[in-house]
Amino acid sequence: MRHIMLSRRRFPYVAKLGDCASADGAAAPGSRLQPLGHLSGEPYAGAAPRLRRNITRQLSFVGGVLSAIFAVRVLRYAFVGGCAALLQVCLLTLFIELADMNAVVASTLALSISVLVNYSLQHRVTFRSKSKHTVAAPRFAVLTLCTLAANAVLFNGLLAVLPYIAAQIVTLGAIFPINYYLNRTVTFRR
């Protein structure tokens, strides 16, 4: 049997030849017309997607997720710290591969450079600190010296069993929670 589509914006129906519908799209009594959509005007299953609305909805969802992430301080800390860690790993690789530096010296130098970026972003983005730089920077420097020492010791120990990039990633993962706690409670406290 051949099917034809009687198109109505709000009341789409599939009809077989010989079936009739009234002018408003309602099925005639005794007809075999079957509704495909909702009376509320929502598109029926076979309708083409409304791309603009879907894209807008998806973008607002992504924006909402990013807002939620940045509303949680530990996630902001992880994001900013992750950027600084990525910078550190890139610098470490450059120092070892291009400058042919000792791995421990290269790691320490890479961490020292990434700390400068990390401090400014943690102060401004993560903790949104009102602390003056004259107060927060010395605290951050002391904490960083402790982090440098822990980084050197742990990295050197892991270097015996792991490649240098893997050793650096494990070292960063071990130092992260301690660093967050100390920065939150000591360096950038309000």
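The protein chain exposes about 12,300 Å², of which carbon and sulfur atoms supply 67%; accessible areas come from the Shrake-Rupley method with a 1.4 Å probe, and for residues only the protein chains shown count as cover. The model is predicted, so that local features need pLDDT of at least 70 and side-chain atom pairs count only at pLDDT 80 or more, while totals for chains, interfaces and linings use all residues. Residues are numbered from 1 along each chain as its sequence is written, and side-chain values use heavy atoms, with hydrogens and water left out.

Helices (H or I, at least four residues) and strands (E, at least two) are DSSP runs, numbered from the N terminus. Among contacts (heavy atoms within 4.5 Å) between residues at least 6 apart in sequence, 53% join residues at least 24 apart.

The structure holds eight aromatic pairs. Rings of Phe, Tyr and Trp (its six-membered ring) pair if their centres lie within 6.5 Å; planes under 30 degrees apart count as stacked, over 60 as edge-to-face and the rest as tilted. The pair of Tyr77 and Tyr180 is edge-to-face, because the ring centres are 4.9 Å apart and the planes stand at 65 degrees. Tyr77 belongs to helix α2 (residues 73–97) and Tyr180 to helix α5 (residues 164–187), so this pair ties together parts 103 residues apart in sequence. Both Tyr77 and Tyr180 are buried.

A tilted aromatic pair is formed by Tyr119 and Phe140, with 5.0 Å centre to centre and 55 degrees between the planes. Since Tyr119 lies in helix α3 (residues 103–126) and Phe140 in helix α4 (residues 133–159), the pair ties together parts that are 21 residues apart in sequence. Tyr119 and Phe140 are both buried. Ring pairs link Tyr77, Tyr119, Phe127, Phe140, Phe176, Tyr180 and Phe188 into a cluster.

Thr126 is also found in helix α3 and is buried, with a relative accessible area of 0%. Not counting residues up to four places away in sequence, Thr126 touches Arg73, Arg76, Tyr77, Val80 and Leu121. The side chains of Thr126 and Gln122 are joined by a polar contact of 2.4 Å. Such a contact is a pair of N or O atoms within 3.5 Å; within protein, one must be able to donate a hydrogen and the other to accept it, and residues adjacent in sequence count only if both atoms are side-chain atoms.

Definitions and conventions: Buried means under 20% relative accessible area, exposed over 50%, partly exposed in between (1.4 Å probe, protein chains only).
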